Amino acid sequence: MKKGKLFFLLAVINIFFSKPVLAVCNASATTTPATINYGSNASQDVPSGGISPNGSAVDAQFSVTCSVALTLQLLSLSSWLRYTAQQPLTMSNGTDTITYTLGSNNTYTPGITTQGQSVGGPTGFNLLALAILTSGRIDIPLHVKTNATTLWPSAGTYTGTQTLAVDGNICTGVSVAVVCLGYTPVSSTVTVGMTMVVSKSCEFISTPTLVDFGTVSFIENASTSTQLSVSIRCTNQEDYLFYADTGNNYSGGTRRLKSVAGQTIAYGIFQPGSSTQVLSVTNPLNRMGTGMNETINLPVRITTGQATPVAGVYTDNVRMVIEY
């Protein structure tokens, strides 16, 4: 038997496993605009809260940019982002503080109200609902609104700075089988400024419609003193003048009640605990606002030593004035 030779053919196949090159993704350093401007607001409009620079529209935004163009397909593969407030959510003028809420929609659900809170995360932030640009940039909208306060804050320019820590994972490569080839981490900070101008203001909360000395036969039997109570509210730490004008029948340095027949009875309106009359701008009360409701009680007195005039109804109209 003839011996044959066995030949083996060895094929060498070089198989290369290559790891996909991941993109680089970073958040912008500042928002656009860099400062959120609440504009100018009267002190009395601040306590209710809800002041937002653009109403229900977006107030600012920051961007996450990657070195590859992002698509809906990439972002749908478990991509996520989150931002976390690093500073207290406050603006201050050096005297008073106004707090605010931050969110990525105009319902502020979810919203950030305190330092350390976040919006977003692996299960809490739908990237597909955000504006996506073909250049590979994701724009994250920001909405801000002021919170309610207990007092009218002092006037001035309120400023604040917020730093947002932005983190996340974004799919930046996909296979033919629509499997993410790799996630690119995001770890950046974004800074945004806040500013709001508050102007001082005052208002009457309540004023009396009638100060009644009663009905008497002789003027010496009349109540010699009653009280005019006025409730007002003025901006915290802002001074103002408060006074009663001279009325309709002022004459010879004296306020007067007057009858239809033209007879008069002299009276005075005085500063609290004082014999000094509150006479228009010559002797006003100089006060400092607290931002809360205040009640001012002014003594009203019939001048003693007068003769009883003819019978009748004696009246005067006095206007209360706040200057600020």
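Biologist: Where is the place of Ser78?
Modeller: Ser78 is in the loop between helix H1 (72-76) and strand S4 (80-85). Helices (H or I, at least four residues) and strands (E, at least two) are DSSP runs, numbered from the N terminus. This is a predicted model, in which local features need pLDDT of at least 70, side-chain atom pairs count only at pLDDT 80 or more, and totals for chains, interfaces and linings use all residues. Residues are numbered from 1 along each chain as its sequence is written, and side-chain values use heavy atoms, with hydrogens and water left out.
Biologist: What phi does Ser78 have?
Modeller: Ser78 has a positive phi of about 60 degrees, although it is not a glycine. Most residues other than glycine have a negative phi.
Biologist: Does Ser78 count as buried or exposed, and at what relative accessibility?
Modeller: Ser78 counts as exposed, at 54% relative accessibility. Buried means under 20% relative accessible area, exposed over 50%, and partly exposed in between (1.4 Å probe, protein chains only).
Biologist: And Tyr108, where is that found?
Modeller: Tyr108 is found in the loop between S6 and S7. Tyr108 is not a glycine either, yet has a positive phi of about 55 degrees.
Biologist: Is Tyr108 buried or exposed?
Modeller: Tyr108 is buried, with a relative accessible area of 11%.
Biologist: Turning to peptide bonds, is the one from Thr109 to Pro110 cis or trans?
Modeller: The bond from Thr109 to Pro110 is cis, with omega near 5 degrees. Pro110 lies in the loop between strand S6 (97-103) and strand S7 (111-112).
Biologist: What about the bond from Thr32 to Pro33?
Modeller: That bond is cis, with omega near -5 degrees, and Pro33 is in strand S2 (residues 30-42). Most peptide bonds are trans.
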